[in-house]
Structures are given as structure tokens and as C-alpha cells.
Amino acid sequence: MKDPRAPHHSHARGGPLHGGHTTRRSLLVAGGAALGVAACARGPQFPEVTGAGPGDPVVALADVPVGGGYEVSLDGRAVLVTQPSAGTVAAFDAECPHAGCTVRATDVGLACPCHGSAFDPATGAVLQGPATEPLTAIGVAVQGADVVLT
């Protein structure tokens, strides 16, 4: 007599650990999980600026899109430099205050790829959670053709 608790499908215990076949679904789930962990754990690689202090350039203003942002690493810390309107700049630590993932500059603003938090490119304020705290501001200003630290 067949055990009523036994799987009804021959592939129910599939996958290499169970002696069956790997399914497309298991590969997609595993691949998606790996990409999510990689994005949150290590973060993206940004152009590096080292040893910058007040008055030192971070990026050329022309490289920061109006209404968008530019991603840079300042002495190993991921930073987002934004230009909310022509000639107006702001900068923020790219670490998401929710879970520490790296916030990215996207076509629609500043967004955390891990849990979907969104931030205002002008102020760093939370536009959409789960984050409840704003991004940490970094002092920058326009000096000539450059964005410099203040």
C-alpha cells in the first residue's frame, strides 16, 4: 500500500541533493536569491575618489544628470551626488538606513534594490519605505565646473 504522505509527483523531491532533476524554477529561485544577496552584501563598484577634503572636486557637474544622480566612492564609502535642478547639487551616503544595502541612482530617483525604499534626490528624505530614516547628507557645492566637498 502506498504511503499517503508520499509525494504525488515523481519530481516533487527533484534537485541534485535528492537524486532528482533540477527544475527551471529551482534554478531561477537560487539565481535570484544569489543576485539579491550579492547586491545587498557587497554593493556596486563606483568610481573611486581618495583623499578628498573640503574644496576638493568629487565629480564634474556635467557628469551629474539634471534630475538624476552620479555614483562615486569617497575613500571607500559609496556616495550619491544628485542634481535635482540645473546647478543645484546634493550628496548622500548611499547606505540604506533600513538594512544597509547600497542605494542606487535610477531613472526615477534614488532607490534601494534590496527592499524597494525610495529617497528624494534633493533632500534624501524617505519617499517610500520600508526605510523610515532619510539618507545621511554629505556637504557639496558647485564651484566652477565641478561639484566639490564643503
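# Close-up views of the strands and cores

**View 1. Val 140 has Leu 149 as its bridge partner in strand S12.** The model shown is predicted, so local features need pLDDT of at least 70 and side-chain atom pairs count only at pLDDT 80 or more, whereas totals for chains, interfaces and linings use all residues. Residues are numbered from 1 along each chain as its sequence is written, and side-chain values use heavy atoms, with hydrogens and water left out. Strands are DSSP runs of E with at least two residues, helices are runs of H or I with at least four residues, and both are numbered from the N terminus. Strand S11 is joined to strand S12 (residues 146–149) by four bridges, and the two run antiparallel; two strands count as paired if DSSP finds at least two bridges between them.

**View 2. Strands S3 and S4 form a hairpin with two residues between them.** Strand S3 (residues 69–74) pairs with strand S4 (residues 77–85) in the antiparallel sense over six bridges, and among the residues involved is Tyr 70, whose bridge partner in S4 is Val 81. In the turn, Asp 75 has a positive phi of about 50°.

**View 3. Strand S4 also forms a hairpin with strand S5, with two residues between them.** S4 and S5 (residues 88–93) pair in the antiparallel sense over five bridges. In S5, Ala 90 is the bridge partner of Thr 82, and Asp 93 is the bridge partner of Val 79. The turn contains Gly 87, which has a positive phi of about 85°.

**View 4. An open sheet of five strands has the order S1-S3-S4-S5-S10, with mixed pairing.** The edge strands here are S1 (48–49) and S10 (137–138), each pairing on one side only.

**View 5. The largest nonpolar core has 15 residues.** Such a core is a set of buried Ala, Val, Leu, Ile, Met, Phe, Trp, Tyr and Cys residues joined through side-chain atoms within 4.5 Å, and buried means under 20% relative accessible area, with a 1.4 Å probe and protein chains only. Val 58, Val 79, Val 81 and Val 147 have the most contacts inside this core, to which S2, S3, S4, S5 and S12 each supply at least two residues. A second, separate core of 13 residues includes Phe 92, Ala 94, Cys 114 and Phe 119. In soluble globular proteins, nonpolar side chains tend to be buried together.

**View 6. Which residues are in contact with Val 147, once its neighbours within four places in sequence are left aside?** Among them are Asp 56, Pro 57, Val 58, Val 81, Val 89 and Val 140, where contact means heavy atoms within 4.5 Å.

How values were computed
Buried means under 20% relative accessible area, exposed over 50%, partly exposed in between (1.4 Å probe, protein chains only).
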